[in-house]
Amino acid sequence: MNGFGGFLVRRSLGTVVTLLAISVIVYVVFYATPGNVAQITCGPRCSPEQVHQVAQQLRLDDPLYVRYWHFLQGLFAGQDYSTGTSVEHCPAPCLGLSYQTDRQVMDIILTKLPVSLSLVLGAMVLWLVLGVGTGVLSAWRRGRFTERVLTALTLAGWATPVFVIGLVLMIVVCGELRLLPFPQYVKLTDDPEQWAWNLLLPWLSLALIEAAAFARLTRASMLETLAEDHIRTFRAYGVAERTIVGRHALRGALAPVIALNANNVGSAIGGAVLTETLFGLPGIGQELVHAVDVVDLPVVVGMVLVIGFFVVLANAVADVLYAVADRRVVLT
C-alpha cells in the first residue's frame, strides 16, 4: 500500500506491535523477579492463607507464558476473579484487581486519568505558545538585545525545578497577591470555569519548565531553516521578512517541535508527580507513587501500561503530523 493511507495502516500495525512488546516487558519485569511475588503483593502483614489466596489469583503455579496469556485474555476478553465469597467479572480491558482495595485497576485509572489529562493538556497549550513563540522571536531577533534577554530567561527556566516554580507561584499569587485560590481540582463537567481557574497555577508551573526546552529547540530549528536556499530565494524576490518567518520558515522548523511535544505529552501524564503532589491533584502520577509504596503490583503494572500507551500513541500521532507540517517528509 502506497500513499498516506498505506502509511497510516503501517503505522497503526507498528503501534500495536510496540504496545504488545511493552506489555511483555512490563509483565516480565514485575512478575518474573526473584522473591515471593504473592507475599510482596499481599503485604508483610498477610497471613499464610491470604498469601496462598493471592498466589491462586495470580496463578503463580502456572508457567510465566501461561500467566501472560491469561493477562492478554483479560485485556481483550475480560476475566473472572474470586473475591473469597463471590466471583467478580472484570470486563475488557481488564488489568486485574487491586490487592489493597479489591477495586478493578481500570476503574482506578479511569478515576485518576481525567486529572492528569487536564493537567498535561492544559499545560501543553501554554508550553507550545510560550516555547514556540519565544523560540521564533529569539531566532528572528538574532544578535539583538531581545535575543539575549530571551535566552537568559530560557536558561533560567530550564535550570529551575518544577517544584520551586510551583512553590514560588503559590506563595506569591495565592498567598501574597491573592489573585488565585489555592488549587483544588474541580471536574470539568461540574464547573468548567472553576476547573480552569483552579488548574491555572499547575498549568503554569509545568508549562514554564517545558517551554524552555521548546524555546531552545525552536530557535535552533528556525536558525537552520532560515539559512536554507529557498528562504534566500524568498528574500531575493522581496518577500517581507515577517511573511518568510511566519509562513515558510516556521512550518519547516516544526518537525522536531512535534517530536518533542509527542514525547513530552506521553511522558508527562505519568511524570507530573511533583506537580500533582505539590498542588494536591489526585492524578495518575500520585496514584502510581502510592501503588509503588504499598507494592500493589496490579495497579503498578496497569498504570505503567497506560502511560506506555499514551507515549506510543502520542508518537504515532506525531509521525502523522510530520507530513502535514513539512512536505519534505517522505512517508515510509
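Biologist: How many aromatic pairs does a search of the whole structure find?
Modeller: The search finds 6 aromatic pairs, and bear in mind that this is a predicted model.

Biologist: Take Trp127 and Phe214, then: why is that pair stacked?
Modeller: The ring centres of Trp127 and Phe214 are 6.1 Å apart and the planes are at 20 degrees, so the pair counts as stacked, for which the planes must be under 30 degrees apart.

Biologist: And which parts of the chain does the pair link?
Modeller: Trp127 belongs to helix α5 and Phe214 to helix α8 (residues 192-226), so that distant parts of the chain, 87 residues apart, are linked by the pair.

Biologist: Are Trp127 and Phe214 buried or exposed?
Modeller: Both Trp127 and Phe214 are buried.

Biologist: What about Trp195 and Trp203, how are the rings arranged?
Modeller: With centres 5.4 Å apart and planes at 75 degrees, the rings of Trp195 and Trp203 form an edge-to-face pair, and both of these residues are buried as well.

Biologist: Switching to helices, at what angle do the axes of α5 and α6 cross?
Modeller: The axes of α5 (residues 105-140) and α6 (residues 145-159) cross at roughly 145 degrees and come within 8 Å, and the crossing is left-handed.

Biologist: Which residues make the contact?
Modeller: On the α5 side they are Thr134, Leu137 and Ser138, while α6 contributes Thr146, Glu147, Leu150, Thr151 and Thr154; by class, the residues of this contact divide into 2 nonpolar, 5 polar and 1 charged.

Biologist: One last thing, where does Arg141 lie?
Modeller: Arg141 lies over the face of Trp140, at 4.9 Å from the ring centre.

Notes
Residues numbered from 1 in each chain as written. Predicted model: local features only at pLDDT ≥ 70, side-chain atom pairs only at ≥ 80, totals over all residues. Heavy atoms only, no water. Axes fitted to C-alpha atoms, helices over the stretch in contact; angles between N-to-C directions. Helix = DSSP H or I, 4+ residues; strand = E, 2+ residues; numbered from the N terminus. Left-handed = near helix turned anticlockwise from the far one by under 90°. Contact = heavy atoms within 4.5 Å. Nonpolar A, V, L, I, M, F, W, Y, C, P; charged D, E, K, R; others polar. Phe/Tyr/Trp six-rings, centres within 6.5 Å; stacked < 30°, edge-to-face > 60°. Buried < 20%, exposed > 50% of the residue type's maximum accessible area, 1.4 Å probe, protein only. Lys NZ or Arg CZ within 6 Å of the ring centre and 35° of its normal.
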